[in-house]
Amino acid sequence: MARSTDTRTPTTAPRLWLEPTAGPRPVVQGCWWPRGTDPAAELPGLVEVLDERYGPIVRLRLSAAGWSRRPHDVEVAGRTVTVGYFSGQSTGLLTASCAGGGSIAVRVVPWAGDLEADWDVPESRIAAS
């Protein structure tokens, strides 16, 4: 795997694991491993998967730390999703607001830079359920 800080939109599905929809709803619904630190490159793929599971996502809340830049909206499938960055939000948490009024909390595992190439997670363990 090539080591890169390329900020273009990833061509592969986001590295994401979501709790099964059956049963009681947990506080945190899943875990996301972004491949970089540019939200404009990382968030569209994540939002598309969350849209399929929970309905349209209209707003994302992220920590103000850990991102190479902070765009306040991202384009996803022909629409704009608002992104807010908060110093009080944990760097390990992303909160997504749905058009229907609900919200989803996803644990964020920060990008590890050059160390990431040494950590290969089997695709079978990271998939949208």
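Let me start at the end of a helix. Helix α1 is followed by G55, whose phi is positive, near 95°. Helices here are DSSP runs of H or I with at least four residues, strands are runs of E with at least two, and both are numbered from the N terminus.

A word on the source. This is a predicted model, where local features need pLDDT of at least 70, side-chain atom pairs count only at pLDDT 80 or more, and totals for chains, interfaces and linings use all residues. Residues are numbered from 1 along each chain as its sequence is written, and side-chain values use heavy atoms, leaving out hydrogens and water.

Now the sheet. Strands of a sheet pair through backbone hydrogen bonds, either parallel or antiparallel. In this model, seven strands form an open sheet with mixed pairing, in the order β1-β2-β7-β6-β3-β5-β4. Two strands count as paired if DSSP finds at least two bridges between them.

Take β3, residues 57-63. Four bridges join β3 to β6, residues 93-98, and the two run antiparallel. The bridge partner of R61 in β6 is T95. I57 stands opposite C98, also in β6. With β5, strand β3 runs parallel, and five bridges join them. There, R59 stands opposite T82 in β5.

Back to the helix. Helix α1 covers residues 39-54 and packs on the sheet, touching β1, β2 (30-33), β3, β4, β5 (79-86), β6 and β7 (103-108). Contact means heavy atoms within 4.5 Å. The direction of α1 makes about 60° with that of β4. Axes are lines fitted to C-alpha atoms, for helices over the stretch in contact, and angles run from 0 to 180 degrees between N-to-C directions.

Which residues of α1 are buried? They are P39, A41, E42, L43, P44, L46, V47, V49, L50 and D51. Buried means under 20% relative accessible area, exposed means over 50%, and partly exposed is in between, with a 1.4 Å probe and protein chains only. These buried residues pack against β1, β2, β3, β4, β5 and β6.

At the start of α1, look at D38. D38 lies in the loop between β2 and α1. At 5% relative accessibility, D38 is buried. A side-chain oxygen of D38 reaches to within 3.0 Å of the backbone nitrogen of A40. The D38 side chain also makes a polar contact with the side chain of R69, at 2.9 Å. A polar contact is a pair of N or O atoms within 3.5 Å; within protein, one must be able to donate a hydrogen and the other to accept it, and residues adjacent in sequence count only if both atoms are side-chain atoms.

Next, aromatics. A search of the whole structure finds one aromatic pair. W32 and W67 are stacked, 6.2 Å centre to centre, with 25° between the planes. W32 lies in β2 and W67 in the loop between β3 and β4, so the pair ties together parts 35 residues apart in sequence. Rings of Phe, Tyr and Trp (its six-membered ring) pair if their centres lie within 6.5 Å; planes under 30 degrees apart count as stacked, over 60 as edge-to-face and the rest as tilted. W32 is buried at 1% relative accessible area, and W67 is buried at 14%.
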